[in-house]
Amino acid sequence: MIGHGGNIQRLTARLGCKPGDILDFSANINPLGPPEYIWNVLARNLPDIIHYPDPEAAELVSGIAKSYQLQPDQVVVGNGTSELLFAALRAIKVRRAVIPVPAYIDYRQACKQAAVPVHSLLLQPEDDFQPDLEQLAAELRMDDLVILGQPNNPTGKMVDRQQLLNLAEQNPEVMFLVDEAFAGFVADYSSLAGCSDNIIVLCSLTKLFAVPGLRLGFLAASPQVCREIRQQLSPWSVNSLAQVAGAAMVGDTLFIQKSCELVARNQQTLCGQLGKIPSLKVVSSVANFLLLHLEADLTATELADTLLQQARIAVRVCDNYEGLDDHYFRIAVRSQQNNEQLVRALRTILQPESVIGTQTIKKTPALMLLGTGSDVGKSVLVAGLCRVLLQDGVRVAPFKAQNMSLNSYVTRDGGEMGRAQVVQAQACRLDPDVRMNPVLLKPSSDVGSQVIVHGKPVANMKVADYVRYKKEVWQEVCRSYDQLAADFDCIVLEGAGSPGEVNLKSHDIVNMRMARYAKAPALLVGDIDRGGVYASFIGHVEVMAPWERDLLAGFVVNRFRGDGSLLGDAHSFLEQRTGKSVLGVVPYLHDLGLPQEDSVSFKAGLYDSDRPACDHVDIVLIDLPYISNFTDVEPLLAEPDVHLRIVRRTDELGTPDCIILPGSKNVVADLAYLVETGLGEKVTKCAEQGREIVGICGGFMMLGSVVTDPLGLEGEPGSNVKGIGLLDLTTELAADKTLTRRQGIHIPSGRPVHGYEIHHGLSRGTGTGKGKAVLEFSDGSSCGCADQEGRIWGSYLHGIFDSDPFRRSLINRLRKSRGLAPYSGQVTRYDLEPALDRLAAVLRQHLDMDAVYKLLGL
């Protein structure tokens, strides 16, 4: 680094890398980064760049004056404090400058340009570079200018405020220029601005608020001195964007307080770690940086070069500071993670024996797929990428920190997880594992959900309760991810909803926060079939914080119908606007044969099948407000002689051969819905006409005579809700939740069945003798019941239609009822493998897989 720290452009040119590849400890910038609101302020005022800025920066000056209890004529704003420093030296008439050194190198440079002689007072390392005001007072002459950092750069030392004020009062013929560029990082610091006519205060806004590229600072002095300094400045020295940003930032005491607390905490930890390296001596500091003395054979320049080459870490060598030699260097206090990286790199160079036998814990290569919203296809794309990686010999697993879905699955060890991650696990040819989906939310009302952690229900929570619980559950998410990632070569993560939902960002555990934890570059997936995909891409980037933009690696356009070459102009515009490129355009895949992500697709009507041209049976699925595990019926979609219809109103029902009442997350509410809409009465009439009625899990409970809720799991505690009454069955909603995998036979047909149970209900026959079990499992237990004719029946078994023999048996029984012969064609196999392989082939063709592998580092 020549002259100043922070010259990233020079370093990237030297190393041939991107700015984001360098960890910059050479510039003392707030580790919190800019306040979130600054991006909105800049975006909102960007159109104003077609006008000249206010030459007097009146709004900004007024805000500064109010915040520091000054009059506007006591404030001068400039293009950074460096401009004001040089202008002040040209404006004020002094005989010489007295500067305790080491000090900021531009103090001397400004004096040189203004032809002001410099008298240096050398601060001693044995005194820990602490300025001595008595010594300073003894050196002062009439018309001197004292230039003093408060705190000093590079030592981080301060002098007592009251003693400095006394010194200024005792020497009215001397001017004092106090540089408070880093004072904002000192807790409870009280500025000297406006305290005396012979004190000029410099204050930088760009360091404290982490916007050095805006170049903004101000100077506070007497009105007369301010007038003289303004005359030295060029017109419009502060641009319009810097003015509005400064007006928004100045006086933001909450941000300043958070910054002070973070810097103090991280500095204390960093000093402790650096103090354990024998060849380093740390100079104590009150600022957001530390001066270090290297007590080793190599110089600070050699150390800095090694850090840059080996670890891409930049530090500030201090050999061009007066009073320091080539064994001093300065580092900023950054985030705890960054600080630990620096300490390890220093130990590797200066204390190699201390790292022998230790291993750096590296994150497993990972990639995250985010979406511009729900149901844009990210779950399917994750499954496809998992299958591609598996085919290429990579041991890969899927991960979604939090899934909100009523479509769940029970693992082999009895844990409950989202169905989408089960399909993704199958794409990896893995057994589903709750670590792949540590948090599952199953909505039970418009404002509440059952919260399932590590496969087990924790509680029913309202939204506000769950937001508070997220702080606790985040630790469980991280633990699950770390355990899973340790077992595989690569993880493909899926986000939830959209990372642009600004109302959820502060407590996010599934999108960008998870990507940062996993160190996973992210691709943003958008559904072009909906329209507006490019505007959505740009809008998402606009609301992203800088660290989120750094994680975003590009875009994927999904579900495109047409000629991809027509999108070239849009992709160019997108890259020009965001700096991110499109990594692929995935075509709309008809009849893919994979379970849908969630009920969004189901509600959109994607499950309504076309009427077959051949002889067929008509099966209706009743859509319920709290429908769950709707994919139970998905195997029926593949059958050539089945017309599957989704019914929401009585006038849609018609005269089907079979009606299926599906699972429900709120049986009580869905029973009320059936009554209100008249669908319950219609189902009863169809049963009387000899139609087959099937209930799965919640639907099975609804077919009974009553559902009791003694604990208030779904309704009022102690409530009894009347069922449809087609089966002699009573159900009690119990506290314990049944979660188990099952294999067995369907007793009436003798066909094998398999699936899983997820329910709170305990159902029993009334003792009339009409009910009888319909399923017998391999452990000797049984489930379900039917009427005497066997046409009205149900069970708790999800996935019952996955069994090819049973499914065909049911359809043929329905055909017989219609007077049709049994189906003579080839038996349909419900198998996801061909669909997954087809999906992988499509992604290989339409995604830039070389870029994907580069992002993964594989």
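This is a predicted model: local features need pLDDT of at least 70, side-chain atom pairs count only at pLDDT 80 or more; totals for chains, interfaces and linings use all residues.
The protein has 858 residues, of which 56% are buried. Its secondary structure comprises 27 helices and 39 strands. The C-alpha trace extends over about 115 × 55 × 55 Å along the principal axes. The accessible surface amounts to about 36,300 Å², and carbon and sulfur atoms account for 49% of that area. When contacts between residues at least 6 apart in sequence are considered, 72% connect residues at least 24 apart.

Two helix pairs were examined. Two packed helices are described by the angle between their axes and the distance between the axes. In the pair formed by helix 10 (residues 253-274) and helix 12 (residues 336-350), the axes lie 10 Å apart and the packing angle is about 10°. Angles under 35 degrees count as roughly parallel, so helix 10 is roughly parallel to helix 12. The crossing of helix 10 and helix 12 has a right-handed sense. On the side of helix 10, the contact involves Asn266, Leu270, Gln273 and Leu274, and on the side of helix 12 it involves Gln336, Asn339, Glu340, Val343 and Leu346. Sorted by class, the residues in the contact of helix 10 with helix 12 are 4 nonpolar, 4 polar and 1 charged.

The other pair consists of helix 13 (residues 378-391) and helix 14 (residues 419-427), whose axes approach within 8 Å and cross at roughly 15°. Helix 13 and helix 14 are therefore also described as roughly parallel to each other. Their crossing is right-handed. Helix 13 contributes Ser379, Val382, Ala383, Cys386, Arg387 and Leu390 to the contact, while helix 14 contributes Ala420, Gln424, Gln426 and Ala427. The contact of helix 13 with helix 14 contains 6 nonpolar, 3 polar and 1 charged residues.

Proline 151 lies in the loop between strand 5 (144-149) and helix 7 (161-170).

Positive phi values at non-glycine positions were also examined. Alanine 57, which is not a glycine, has a positive phi of about 45°. The loop containing alanine 57 runs between helix 2 (37-45) and helix 3 (58-68). The relative accessible area of alanine 57 is 1%, so this residue is buried. Histidine 454, also not a glycine, has a positive phi of about 55°. Histidine 454 is located in the loop between strand 20 (448-453) and strand 21 (456-462).

Between threonine 631 and glycine 680 the C-alpha to C-alpha distance is 22 Å, at a sequence separation of 49 residues.

Technical notes: Residues are numbered from 1 along each chain as its sequence is written. Side-chain values use heavy atoms; hydrogens and water are left out. Axes are lines fitted to C-alpha atoms, for helices over the stretch in contact, and angles run from 0 to 180 degrees between N-to-C directions. Helices (H or I, at least four residues) and strands (E, at least two) are DSSP runs, numbered from the N terminus. Angles under 35 degrees count as roughly parallel, over 145 as roughly antiparallel, 65 to 115 as roughly perpendicular and the rest as oblique. A crossing is left-handed if the near helix is turned anticlockwise from the far one by less than a right angle, and right-handed if clockwise. Contact means heavy atoms within 4.5 Å. Ala, Val, Leu, Ile, Met, Phe, Trp, Tyr, Cys and Pro count as nonpolar, Asp, Glu, Lys and Arg as charged, and the others, Gly among them, as polar. Buried means under 20% relative accessible area, exposed over 50%, partly exposed in between (1.4 Å probe, protein chains only). Accessible areas come from the Shrake-Rupley method with a 1.4 Å probe; for residues, only the protein chains shown count as cover.
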